[in-house]
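Please keep the sequence and the structure in view while reading.

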Amino acid sequence: MYVRAKKALGQHFLKDEKVAKRIVDSLILNGRSQVLEIGPGTGVLTKYLLENPAIRLEVAEIDPESIACLQERFPQLLYSLQQRDFLKIPLEKIFQGEFAVIGNFPYNISSQIFFKILDYKDTVPQVVCMLQREVAQRLTSGPGNKSYGILSVLLQAWYDTEYLFTVDENLFLPPPKVKSGVIRLIRNSRKELGCDYALFKSIVKTTFNQRRKQIGNSLKPLCGERLRELEGNRLLGLRPEQLSVEDFVTLTNYIKFETDTDQLL
């Protein structure tokens, strides 16, 4: 069954079987595993996921045309094939316990997908995904790189990130205008961040939204007069891309003021 790629859904269907298998093989499985595939499209990854008897697969697909195609190709997935928007579904109603996430993420909502994954960080031990190469490089880059940003810090606070390989444009239908990158995230051993997480996120977002400024200058609207108490702290003279996750934790613990941090997000 032919499925028309829809620009509004950010669809670019991978057509290379070797790359599809390589992506699925990048999942590190330890016995029986629950896996959620985001945006299966025509099922190029789904095929190889279903071949592994250790995987209990669920899919999240929003496109009715893709769902019809998947129903035709994989009747064994019938119980799972319903129109589901990953960004809206309560994942705890699909899985009990931990589950891995895999997929060729729609380029136009990839950041939103990762923010939701962060909400489920204690039940998502692993993510393998393909996305725009620039974004893939950003999420896996470390301090000191220009591509290092908000999601780099937030994800690396909880996951070990790894850039696996690049996928050329001509391996998609229709071909995107950019190359794609496949990355893997593995949940680290951190149970607590060691600081106020809401304030931590607020500081990360505030500083990177003004990334050309030194930390001290970008935090003035957030900290007000309390910033004077931090004068002399070396971190205030740096720019956000120079700070590691641990530096942001340290900075968060330095900034102590009576503010409802829920209002700062």
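Thr207 is placed in helix 7, and Thr207 counts as buried because its relative accessibility is 0%, the cut-off for buried being under 20%. Which residues does Thr207 contact, leaving aside its neighbours within four places in sequence? They are Ile215, Ser218, Leu219, Pro240 and Phe248.

## Helix 7 and its surroundings

Helix 7 runs over residues 197-208, and at 1.5 Å a residue its 12 residues should span 16 Å, which agrees with the 17 Å between its end C-alpha atoms. At the start of the helix, the backbone nitrogen of Ala198 has a side-chain oxygen of Asp196 within 3.0 Å.

Helix 7 is mostly covered, with 9 of its 12 residues buried; among them are Leu199, Phe200, Ile203, Val204 and Phe208, together with the polar residues Ser202, Thr206 and Thr207. The cover over these buried residues includes helix 6 (150-156), helix 8 (215-218), helix 9 and helix 10 (245-254).

An open sheet of 6 strands is ordered 3-2-4-5-8-6, and its pairing is mixed. Strand 3 and strand 6 (159-167) stand at the edges, and because each has a single partner strand, one side of each is left without a neighbour in the sheet. Direction ignored, neighbouring strands of this sheet are turned by 20 degrees against each other on average. Helix 1 (residues 17-25) packs on the sheet, where it touches strand 4, strand 5 (126-132), strand 6 and strand 8, and the direction of helix 1 makes about 170 degrees with that of strand 6.

Strand 2 (residues 33-38) runs parallel to strand 3 (residues 55-60), to which 6 bridges join it, and Ile38 has Ala60 of strand 3 as its bridge partner. Strand 2 also runs parallel to strand 4 (residues 100-104), with 4 bridges between the two, and here the bridge partner of Glu37 is Ile102. In a regular strand the side chains alternate between the two faces of the sheet. In strand 2 both faces are covered, since Ser33, Val35 and Glu37 on one side are buried, as are Gln34, Leu36 and Ile38 on the other; 6 of the 6 residues of this strand are thus buried.

## A cis peptide bond

Most peptide bonds are trans. What is the form of the peptide bond from Leu173 to Pro174? That bond is cis, with omega near -10 degrees, and Pro174 itself lies in the loop between strand 7 (172-173) and strand 8 (180-187).

## Confidence

The average pLDDT of the chain is 88, and 91% of the residues score at least 70. Confidence is highest in strand 8, at a mean of 98, and lowest in helix 9 (residues 220-223), at a mean of 74; helix 9 is also one of the elements that cover the buried residues of helix 7.

Over residues 257-265 the pLDDT stays under 50, and the model has 15 contacts beyond four places in sequence for this stretch. Where pLDDT is low, the predicted coordinates should not be read in detail.

Key
Residues numbered from 1 in each chain as written. Predicted model: local features only at pLDDT ≥ 70, side-chain atom pairs only at ≥ 80, totals over all residues. Heavy atoms only, no water. pLDDT = per-residue confidence, 0-100. Contact = heavy atoms within 4.5 Å. Buried < 20%, exposed > 50% of the residue type's maximum accessible area, 1.4 Å probe, protein only. Pairing = 2+ DSSP bridges. Axes fitted to C-alpha atoms, helices over the stretch in contact; angles between N-to-C directions. Expected span 1.5 Å × (residues − 1). Polar contact = N/O pair within 3.5 Å; in protein donor to acceptor, adjacent residues only side chain to side chain.
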